[in-house]
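The paragraphs below go through one protein chain step by step. Please keep the sequence and the structure in view while reading.

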Amino acid sequence: MTTERPAPPLTGGEREMLRGFLDHHRATLAMKCDGLGDEDLRRRSMPPSTLSLLGLVRHMAEVERVWFRLVIDKQDVGRVWTDDGDFQVAYDASASTRAEAFDAWQAEVAHARRIEESAPSLDVTGFHARMGGEVSLRLVMLHLIHEYARHNGHADFLREGIDGTVGF
């Protein structure tokens, strides 16, 4: 499988730019996993860390779910892999498969896209308990871009350690 990665727009409105950069980073994570089987995707960075490419995919499924479905859309759904809000639990992909992790992640991305596209503006808000207040869709999209960018840096190192592949 080869992931098509959309280039973020060079010009446009705020929402178009945020959406474009978020989709670019989502595709970057998928690209870092292209061509790898379950064993390689589960390969950990270094002890005692449980961080792996598959763990990053699981983690980002959890992040997408919390910020878009629970916070912005106020859905009454639980987390994907943890009940207590510990995002680190998703990193442990030792018993996970590509199909399980990617299915969950892609489903959450699809929900997130629908929620964002149906919101009348970036000023829509939702309550985020850890932040102690209302947050806007704008903040959520910026946070997700930041979260993906940070973890895509981790994915660069993980992929290089697996088969020497760098860049993209």
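A residue counts as exposed when its relative accessible area is over 50%, as buried when it is under 20%, and as partly exposed in between. The structure to which these terms are applied here is a predicted model. Take G161, a residue of helix α5. Its relative accessibility is 57%, so G161 counts as exposed. Between G161 and W81 there are 26 Å in space, C-alpha to C-alpha, and the two are 80 residues apart in sequence.

The chain as a whole comes next. It holds five helices and two strands. Read from the N terminus on, the order of the elements is α-α-α-α-β-β-α. Of the 168 residues, 48% count as buried. A compact globule with 168 residues would have a radius of gyration near 15 Å, and the value of 16 Å for the chain agrees with that. Along the principal axes, the C-alpha atoms fill a box of roughly 45 × 40 × 25 Å. Contacts in the chain can also be sorted by distance in sequence: among those between residues at least 6 apart, 70% join residues at least 24 apart.

How do the helices pack? The crossing in which α3 passes α4 is left-handed. On the side of α3, the contact is made by L54, V57, R58, M60, A61, E64, R65, F68, R69 and I72. On the side of α4, the residues are R98, E100, A101, F102, A104, W105, E108, V109, H111, A112, I115 and E116. Sorted by class, this contact of α3 with α4 has 13 nonpolar residues, one polar residue and eight charged residues.

Helix α3 also packs against helix α5, which spans residues 137-163. Here the angle is about 175° and the axes are 10 Å apart. Angles over 145 degrees count as roughly antiparallel, which makes α3 roughly antiparallel to α5. The contact of α3 with α5 divides into 16 nonpolar, four polar and three charged residues.

Helix α5 has a further contact, with helix α1, residues 14-33. The axes of α1 and α5 are 9 Å apart, and the two helices pack at an angle of about 25°. By the cut-off of 35 degrees, α1 and α5 are therefore roughly parallel to each other. The crossing of α1 past α5 is left-handed. Among the residues of the contact of α1 with α5, 14 are nonpolar, three are polar and eight are charged.

K74 lies in the loop between α3 and α4. What is the value of phi at K74? Phi of K74 is near 55°, a positive value in a residue other than glycine. Most residues other than glycine have a negative phi. Is K74 buried or exposed? At 56% relative accessibility, K74 counts as exposed, because the cut-off for that class is over 50%.

Technical notes
Residues are numbered from 1 along each chain as its sequence is written. This is a predicted model: local features need pLDDT of at least 70, side-chain atom pairs count only at pLDDT 80 or more; totals for chains, interfaces and linings use all residues. Side-chain values use heavy atoms; hydrogens and water are left out. A crossing is left-handed if the near helix is turned anticlockwise from the far one by less than a right angle, and right-handed if clockwise. Helices (H or I, at least four residues) and strands (E, at least two) are DSSP runs, numbered from the N terminus. Contact means heavy atoms within 4.5 Å. Ala, Val, Leu, Ile, Met, Phe, Trp, Tyr, Cys and Pro count as nonpolar, Asp, Glu, Lys and Arg as charged, and the others, Gly among them, as polar. Axes are lines fitted to C-alpha atoms, for helices over the stretch in contact, and angles run from 0 to 180 degrees between N-to-C directions. Angles under 35 degrees count as roughly parallel, over 145 as roughly antiparallel, 65 to 115 as roughly perpendicular and the rest as oblique. The radius of gyration is taken over C-alpha atoms; the globule rule is 2.2 Å times the number of residues to the power 0.38. Buried means under 20% relative accessible area, exposed over 50%, partly exposed in between (1.4 Å probe, protein chains only).
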